[in-house]
Amino acid sequence: MTTTATTRKTPVKAAIASFMGSAVEYYDFFLYGSAAALIFPTVFFPSDDQAALVMSFATFGFAYIARPVGAVILGHFGDRIGRQKVLMFTLLLMGFSTFAIGCLPGYEQIGWWAPALLVLCRLLQGLSASGEQAGASSLTLEHAPDDRRSFFTSWTLTGTQGGQILAALIFIPVVALPDEIKFTWGWRIPFWLSAVVVVVAYLIRRTLHETPEFEQTKAEGRIARMPLIPLLRDHWRDVLRVICCAFIAAVSTVFGNLAIAYGVEVGLDATLTLWLVVVANFVALGTQPLFGALADRIGRKPVFIYGALSSAVFMPFYMLSMGAGNAFVTFLLAVVTFSFGYAAANAVWPSFYGEMFSTRVRFSGMAIGTQLGFLMAGFAPSIVAALGGVQQGGWVVISAFTAVISIIATISALTARETKNVPTAQLGLASERTGELAPAV
């Protein structure tokens, strides 16, 4: 095989590895979200009512507390020793913690120790996820040709759609089981199956090499001993910008977790709400790469901003349709809201955020910025549930919440530089003019 052929195949291989790794990570992550809405209030808490639902959603949010801490730790090592090694660690940690959740006894067996152990496993999931998307996005971006970075990195987030589809498909037969099976051992099976998925992704990801950009930075002696120092010195504005832009991820948790509980409250069958997630994410498998390719042509900012604003516009119509009794309209609006709205921002952010930083701090910058912003996504279900968002008429609260986070993300994106025409080797150096050739710090 020629060097040119190998070079052409490497971005594709990187995209496939990122897709598979993200699919595994977010199979586990979204599986938890579905269980938090439909299973955990009964299994891990003393009462099956609104308070139990709020507490269950709160455990979902605990992972987002661990994520900023994990972002600092994993971002440091990702910029110090390489993207690929850290990604292997995150994959194995997520698989272990998800399998462990399936082994936990419930509240009836050990009382409040049950939710305590659940939170511990959830924290481990959060630690793993804190490095997954930033690492996969950095790795794919640095392998991609300059004019197709957005397209190739969009597959990292498309992997999250694949993971959510798989989680929902496996969970659908579980929720259809009789209660005496579903709430005892039936719900555990999808968590145990994560071990199989992890092995497949591990075998694929271990064959991928470190990025040429990272290797060149290492060869030139510009690897920072403490990446956090140059990151906060030279890129603090970009970190703040990513934090605010990352609020848009809350649309995903509203759609994939909160809307499930709201749909059941207004009369939809629980199985139908899961199919809404499956169909919308399946269509997004096709639309997200298209949005990524569009961003390579017209820029990251316009595509991201469209995705943010369209999420705010479409969400109230989708939520209202759930109580209207017309399943076809609800499915149509689910696809429009998620696959043709939010998917635009979701596809573009790996390149949009990653291109704000230089190679020496990219992993740290993306990890810390996104994970702090993702706190909003993590606690969105419990916040909106506490405000009445899963009660009759709760569509108003859900829609208002979506509009606020979308506007914040849009305003932040407007302040960013457009980077689609900047060569990969020069990304982020505008913020490091005083230290571009400085020794590692």
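A crossing of two helices is right-handed if the near helix is turned clockwise from the far one by less than a right angle. With that in hand, here are the close-ups; the model they show is predicted.

**View 1. The right-handed crossing of helices α3 and α6.** Two packed helices are described by the angle between their axes and the distance between the axes. Here, α3 spans residues 50–80 and α6 spans residues 113–143, and their axes come within 6 Å, crossing at roughly 45°. That angle makes α3 oblique to α6.

**View 2. Residues in the contact of α3 with α6.** From α3, look for Thr59, Phe60, Phe62, Ala63, Tyr64, Ala66, Arg67, Gly70, Ala71 and Leu74. Their partners in α6 include Leu118, Val119, Arg122, Leu123, Gly126 and Leu127. By residue class, this contact has twelve nonpolar, six polar and two charged members.

**View 3. The largest cavity, with a volume of about 180 Å³.** Rolling a probe the size of a water molecule over the atoms shows where empty space is left. The structure holds three cavities of 30 Å³ or more. The largest cavity is lined by 18 residues, and those closest to its centre are Tyr26, Phe30, Gln133, Ala249 and Ser252.

**View 4. The elements around the largest cavity.** Two or more lining residues come from each of α1 (3–38), α3, α7 (149–175), α14 (250–265), α17 (327–354) and α18 (362–386). Helix α17 gives the largest share, four residues. Sorted by class, the lining of this cavity has eleven nonpolar residues, six polar and one charged.

Notes: Residues numbered from 1 in each chain as written. Predicted model: local features only at pLDDT ≥ 70, side-chain atom pairs only at ≥ 80, totals over all residues. Heavy atoms only, no water. Axes fitted to C-alpha atoms, helices over the stretch in contact; angles between N-to-C directions. Parallel < 35°, antiparallel > 145°, perpendicular 65-115°, else oblique. Contact = heavy atoms within 4.5 Å. Nonpolar A, V, L, I, M, F, W, Y, C, P; charged D, E, K, R; others polar. 1 Å grid on protein atoms, 1.4 Å probe; cavity = no way out; pocket = protein on both sides within 12 Å on 5 of 7 lines; lining within 4 Å. Points joined across faces, edges and corners; volume = space filled by probe spheres on them.
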